[in-house]
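Work through the exercises below with the model open. Try each task before you read its solution.

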Amino acid sequence: MDIIKNISIIFISIFFESLPFLLLGSLISAIIETYVSNDTIAKIIPKNKVLGSIVGIFLGFFLPACDCAVIPITKRLIKKKVPINVTISFMLASPIINPVVLLSTYNAFYRTNPEIFWYRLLFGIIIALIIGIIMGIVFNKKEVIRNSLIDEDDCHCHNHGHHSLKNDISSICIHASTDLFEVVKYLMFGAMLASLVQVLLPRNILIIFNNNQVLSIIVLMLFAYLISLCSTSDSFVGKSLLTIFSKNSIIAYLLLGPMIDIKNTIVLLGNYKKKFVWTLISLIFIVIFIFSLLVVMIL
Amino acid sequence: MSKKYLGIICLLYSFIFGYVVLFDKLKLFLAPSMQIYIKLSIIPLFIIGLVILLNSNNHYKFKIIDLVLILPLILLIVAGNGRLSESFASNRATNFNNKNRVKTVEKKKEVKEEKEVLEEIDESYDFSNPYFDIVDSNYDGLSGYLSYVVKANKYEGKTIRVRGFALKDASYLPDEYFALGKYSVSCCVADAGFTGFFIKYDKSKITNNNWYEVEGILEKGKDKEGYDIMYIKVINIKEINSKKEEQYIYPCYAYEGDACNYIAKYGVEY
C-alpha cells in the first residue's frame, strides 16, 4: 500500500510541477497561432540551416520554456512551416539556456564547480545546433507530425483574419486547450512511468558503475532519461551525484535530462511520427556521449 | 457534452489547484519556490474552461484515451495525507550528507574549494554559540556544512539538537552509527533526497524509519571508507510522533525570496 501511495505522491508532484509550464507553452503556442501568420514566419527565419538553427537557439533564450513547455510550442512552430532545424534547435536548447534553468544551474554549481555550469551552457548550445541541422537535413515537415494531428485544429475557429478581442480570446482559449491536452494526456503515461521508476529503482545500484569513466557516462545518461526530472531541479540532483560520480558523467546527466527523458518520449510519440522521434532520441544520446568523452580529455 | 470535455477538465484542474492552495496541501508536493506557478495557473485554467464551455465554435472530438486526464484527481485521493513513507529514503541514500566526498585525483582543487567554503561559513554562522538547534530552515545548510567543517574544528564539542527519521542502512554508515534526517526537496517531491546527520548510538535500540529527537555533542570520526565525518554523540534520545513532524526540508534557494542571505546571516528559522 505504501508503494502505491508513494507512486501517487511522486506522480502528483510531477504533474503539479509540469502543468503550469505546459499551460504557459500552450498559451504561447495559441498566441502564435492567432497572431503570427505563416508568411511572417517565412520572412523572419533564414533559409540557411546554420543561421536558422542559431535563430532557434536565440528563441530558446527569450521564450521561458522548460522541457515540458517546449513541446506544444515546437509542434505549433512546425505546423506554421518553421523549418525542422530551427524548431529542433529551439526544442533542445531552450530547456538548458532559458534564464530560469541557467539561474538554477548557477546556484547549484557556480561556487564550487563553475566549469560544470559553463560546459552545460556551451555544450547545450552546440549540441542543439548540431542535432537541429542533422534533423533538418534528414526530415521535412510532412514526415514529422502524426498524420491524424496535422490539420486537427488548424481552421476550426473561423476567426483568422477577423481580429476582435472576443474572437481572439476565444481562439486563444480553444487552441491553448487543444495544445495543452494533446500533450497532457501523454504526460499522464510518462509521469506514471517516471513515478514507477522513481519508487521501484534503487539508486544505490548507480554506485556500482562509478569507477569506470565510460560506463558512468552511460549510466547517468540512462538515469537522467528514466527519472524525468524537470530541467530546473535536475541541477540540484546532479550536484548531489557529484559526490560519487566524475564531472564528465555529471555533465552528460545535465545535458541529457533537459533534452529528452522517458516522460517526454511518450509525449513526443503521441504527437510526432515514430521514425522522427527515435532518430531524434538516438542522436541526442550519441552526440551527448561523444561530447562527454571530450570532457574527459579536457579535464 | 463530448466537445465540452476539455472545458470541464480545465475547470477540474483549476479546482484541484485551488483546493491544494486553499487547504495548504501544496507543500506536500512542491518546494516553496515552485508553488507560485500553481497559484498563477488557477485563473487562466478557469477562464479557458469557461470560454470552452460557452463557445459553440469548438470542434473537439472526444476519444476514450482522453479519460486519462482525470487521473490526477484519482491519484490525489489515493495520495491521502500526502506523506511519503520513510522507507522510501533508503532508495535515496546517494543524497546522504557527504557533500565533501571528493575523489583523490581532485585533491588539490578540493583544498582550494574547501578553504573558500570555510571562509563563507565563518561569515555565516555565529561560532561563539555553544548550542545549535537544528530547525527546518538551517537543516540542509548545517548538514552540508558539517561535512566541510570537519577539518576546521569549529563545531567540535558543540551541543546540537536535531529531529528526523532514522536510517540504519545508509551505505556509508559504520556499524555503530545510524543516520537521522529528513527529505530535502529542491523543486518537487520527485527530486527528494535524504539529508541528515551521523548519530553514534547502539543501533539495536533504534527502529528503522521511526522519528527521534537527538541531543548530543559533535565529535569527529571516520565513515566506512575512511573519510572524516562529524557525528553526534548521543546525550539524550527520544522517540517522537511522526505525524506532528514536517518531513520535508528545503535548501535555502528553494524558498521564495532571498532566503539564502537571510538564513546565512541569522541562522534561524525563516
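The exercises cover salt bridges, a cavity and a surface patch.

This is a predicted model, in which local features need pLDDT of at least 70, side-chain atom pairs count only at pLDDT 80 or more, and totals for chains, interfaces and linings use all residues. Residues are numbered from 1 along each chain as its sequence is written, chains are lettered from A in the order in which they are written, and side-chain values use heavy atoms, without hydrogens and water.

**Exercise 1.** Which chains does the salt bridge of Asp66(B) and Lys185(A) join?

*Solution.* The N to O distance is 3.0 Å. Asp66(B) lies in the loop between helix 2 (32–54) and helix 3 (71–78) of chain B, and Lys185(A) in helix 9 of chain A, so the pair joins two chains. Asp66(B) is buried at 0%. Lys185(A) is buried at 2%.

**Exercise 2.** Describe the largest cavity.

*Solution.* On a 1 Å grid over the protein atoms alone, a cavity is a set of points where a 1.4 Å probe fits but cannot get out; lining residues have an atom within 4 Å of a point. Five cavities reach 30 Å³ or more. The largest holds about 50 Å³. Its lining includes Asp67(A), Met91(A), Pro258(A) and Asn264(A). Helix 4 (70–79), helix 5 (84–97), helix 12 (247–259) and helix 13 (262–271) of chain A each supply at least two lining residues.

**Exercise 3.** Is Ile134(A) buried or partly exposed?

*Solution.* Locate Ile134(A) in helix 7 (residues 114–138) of chain A. Its relative accessibility is 32%, so Ile134(A) counts as partly exposed. Ile134(A) belongs to a nonpolar surface patch with about 610 Å² of accessible area together; Trp118(A) and Leu122(A) are among the other members. Patch residues have over 30% relative accessible area and no salt bridge; like charges are joined within 9 Å, nonpolar side chains (Val, Leu, Ile, Met, Phe, Trp, Tyr) within 5 Å.

How values were computed:
Accessible areas come from the Shrake-Rupley method with a 1.4 Å probe; for residues, only the protein chains shown count as cover. A salt bridge is a side-chain nitrogen of Lys or Arg within 4 Å of a carboxyl oxygen of Asp or Glu. Helices (H or I, at least four residues) and strands (E, at least two) are DSSP runs, numbered from the N terminus. Buried means under 20% relative accessible area, exposed over 50%, partly exposed in between (1.4 Å probe, protein chains only). On a 1 Å grid over the protein atoms alone, a cavity is a set of points where a 1.4 Å probe fits but cannot get out, and a pocket is an open set with protein on both sides within 12 Å along at least five of seven lines; lining residues have an atom within 4 Å of a point. Grid points are joined across faces, edges and corners, and a volume is the space filled by probe spheres set on the points.
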